[in-house]
Amino acid sequence: MSETVIKIEDLSLAYETEKTRFEALKNINLEIKKGEFVCLIGPSGCGKSTLLGVLEGLLEPTSGKVYIEDREVHGPGSERAVVFQNYSLFPWMTAKKNVSFALRESKRGIQKISKKDANKIAEEYLEKVGLAGYENKQPGELSGGMQQRVAIARALACNPEILLMDEPFGAIDAKTREVLQQLLLKLWAEDENKKTIVFVTHDLEEAIFLADRIVFMVPKGIHSVIDVNLERPRDKEKLMLSDKYRTLRSRLVKLFNNEEDNSEFIGGAGI
Ligand code: ADP
Ligand code: MG
């Protein structure tokens, strides 16, 4: 039995100011297992980024609790790393420095790491994401896809248990996006200590290609949790021709279009 690494219990979150209150999430329950690849999908504004913000520890729940490995989340932690759509690299630092700096920051106070070791690990991870030879380039000298490779290298170099990704390939052209999806799956699969990934996207095909489970969100909550029983490693071209894929895709399209759902695909809605 694999262990639960993320547990969300009756989570509600309201954005509040002195005059306004907007409930973005209401009574969410979800458990994610170690090494699982979970995609959150749903229409714009349904609360995906908010949920990720709570998992990251930047947003405090209004009520309910979030546990990571049985510890209640109150703030960010080094067992979690994030990758966002906007590259969020420091523009004045080289690719290598962006990675090594994050690595040293994440280890601060735990097991300090020397600059030399951090540089070595940074080089190793930049190579893993296909950026050997680009270590000394600054973000402005790299394409969008390459900048996201740096962001992935930076997140993985810190060796987190959990990777939180908010539409990381959302601003990338279709072809590069496929390459990056393949790269991410490869790095995730080959890791001995498989990371748990929570990946936000509003691209159905991306979700099916990547995920073990798809959490379909509607405003304020989870509508359903769908198991993606497709073999790995996945080959996108072959996958897209398979009946299983097409059936799953059409179910998801129907969900998006608010049509009747067929419960055989729903695994533990709102667990
Ligand atoms: P998604 O990522 O699914 O597009 P978000 O989590 O960003 O959705 O937003 C969920 C809802 O919360 C939206 O209606 C959005 O307008 C609202 N919201 C997000 N951030 C804030 C904020 N800081 N203050 C008030 N409302 C917010
Ligand atoms: Mg969002």
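Guide: Let's start with two neighbours: strand E3 (residues 37-41) and strand E9 (residues 213-218) run parallel and are joined by four bridges. One such link is between Val-38 and Arg-213, its bridge partner in E9. Strands here are DSSP runs of E with at least two residues, helices are runs of H or I with at least four, and both are numbered from the N terminus.

A word on reading the model: it is predicted, so local features need pLDDT of at least 70 and side-chain atom pairs count only at pLDDT 80 or more, while totals for chains, interfaces and linings use all residues. Residues are numbered from 1 along each chain as its sequence is written, chains are lettered from A and ligands numbered from 1 in the order in which they are written, and side-chain values use heavy atoms, leaving out hydrogens and water.

Now step back to the whole sheet. It is open and has six strands, in the order E6-E7-E8-E3-E9-E10, with mixed pairing; two strands pair if DSSP finds at least two bridges between them. At the edges stand E6 and strand E10 (221-227), each with a single partner strand, so one side of each has no neighbour in the sheet. On average, neighbouring strands are turned by 20° against each other, direction ignored.

Helices pack here too. Helix H1 (residues 48-56) touches E3, E6, strand E7 (162-166), strand E8 (196-200) and E9, where contact means heavy atoms within 4.5 Å. The direction of H1 makes about 150° with that of E7. H4 lies across E6 and E7, running at about 175° to E6. Such angles run from 0 to 180 degrees between N-to-C directions, with axes fitted to C-alpha atoms, for helices over the stretch in contact.

A pocket is an open set of points on a 1 Å grid over the protein atoms alone, where a 1.4 Å probe fits, with protein on both sides within 12 Å along at least five of seven lines; lining residues have an atom within 4 Å of a point. Of the 19 lining residues, Arg-80, Ala-81, Val-82, Ala-102 and Ser-106 are the closest to its centre. Strand E6 (80-84), helix H2 (95-107) and helix H4 (144-157) each give two or more residues to the lining, and H2 gives the largest share, five residues.
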